[in-house]
Amino acid sequence: MKDQVLKFLKEQDDYISGEEISQKLGVTRTAIWKNIKKLQLEGYVIESSTKKGYKLVDVPNVITKEEVLEGMGTGIFFENVEYYDEVDSTNLMAKKLARSGAKEGTVVVADRQTAGRGRLGRSWTSPSGVGIWMSLILKPNIMPQKASQITLVAGLSMCEAIAEVTGLDTKIKWPNDIVVNGKKICGILTEMSAEMDRINYIVVGIGVNVNNKFFPEELPYASSLAIEGNKEYTRKEIIQRFLAYFEEDYAVYKKDESLRHLLERYSQNCITLNNKVKIIEQGKERIAFAKGITEDGALKLINENNEEEIVFAGEVSVRGIYDYV
Ligand code: ADP
């Protein structure tokens, strides 16, 4: 009912009386009034006047299902959007849903995570009102060894989506981060459930720091789009753009079961390439030159002995020589 009232208000240019809304929606004026109150509590600015009725004057920066779906056409990622004010982790929630039969394309979005996670169980700071904490459920018909390649596909789609919405110079730090001005503004964590030769489901978790004003001291490399761009951005626009781009890029990936046709764009956006980098592997560090990305999403290096070498995403961390990138 609340969603219907909101939709109705959005369609009006001017004030509309409670009487008229109640007739159109077939419910009492008291029910309308109650739902207006609920919307106001969520941050919608609705002016009300006893004479003229109600008018929606401002929409909050929320990422509820209704807002994410507004104005979007059809597409597999716009069919099942699940919004939560708070979850432990969107990846955990997505896994739970996938186990109970959620369809490919289901998107879990939360305003806040109490136990957001990065790779290797590291924690991911996910406060309310400022970020995009989201997970996608995928069920591609590919071999389990290829699942981590989807991280690169999602990184590419998100990098281009953020660049388009914000105009910021976004870059991919291979394999799973997006950076702006050398600072991490987005991380991606792909997890899966599989048999030897078949994937049950993949969950791609994505965290984007959109409007965070500050970060705890222990995260010197973290930043947000708002800090780097000096203005606030609308979270749902980034989600919408990303879902639309990812749908296309994911289809291209699935057709070849390879990054072949995405590699040129990925490489153009990848800040790791053509640079000296620090490779961290089981606690040991070494320097190498990052030369390219393979069709399987691995990183091609020229090592200290001037030999070509390939490293895989799950096995190493990459840093800049002096800084994070
Ligand atoms: P890595 O870059 O080492 O692969 P992950 O992708 O696993 O790291 O992300 C986890 C790490 O990201 C944490 O250990 C922490 O240092 C950092 N981190 C945690 N929360 C945030 C955040 N909101 N923004 C940026 N970095 C974060």
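We'll walk through the sheet, then a helix on it, then the cores. Keep in mind that this is a predicted model.

**The sheet.** Colour the strands and follow the order β3-β4-β5-β9-β8-β7-β6: that's an open sheet of seven strands with mixed pairing. Now pick out β3 (81-87) and β6 (170-173), the edge strands, each of which pairs on one side only. Look along the sheet and you'll see the twist, which averages 20 degrees from one strand to the next.

**A strand pair.** Select residues 183-194 and 199-209, which are β8 and β9; these two run antiparallel and pair over nine bridges. Click on T190, and you'll find V204 of β9 standing opposite.

**The helix on the sheet.** Next, select residues 235-256. This is helix α8, which packs on the sheet and touches β4 (107-113), β5 (131-138) and β9. How does the direction of α8 sit relative to that of β5? The two make about 25 degrees.

**The largest core.** Show side chains for M158, W174, I206, L225, F242 and F246: of the 63 residues in the largest nonpolar core, these touch the most other members. Then highlight helix α6 (residues 149-166), which supplies the largest share of this core, nine residues.

Zoom in on F242. Which residues does F242 contact, leaving aside neighbours within four places in sequence? Look for M134, L136, A154, S157, M158, A161 and I206.

**Last stop.** Select I16, I32, Y44 and Y54. They are among the 14 residues of another core, which lies apart from the largest one.

How values were computed
Residues numbered from 1 in each chain as written. Predicted model: local features only at pLDDT ≥ 70, side-chain atom pairs only at ≥ 80, totals over all residues. Heavy atoms only, no water. Core = buried A, V, L, I, M, F, W, Y, C linked by side-chain atoms within 4.5 Å. Buried < 20%, exposed > 50% of the residue type's maximum accessible area, 1.4 Å probe, protein only. Helix = DSSP H or I, 4+ residues; strand = E, 2+ residues; numbered from the N terminus. Contact = heavy atoms within 4.5 Å. Pairing = 2+ DSSP bridges. Axes fitted to C-alpha atoms, helices over the stretch in contact; angles between N-to-C directions.
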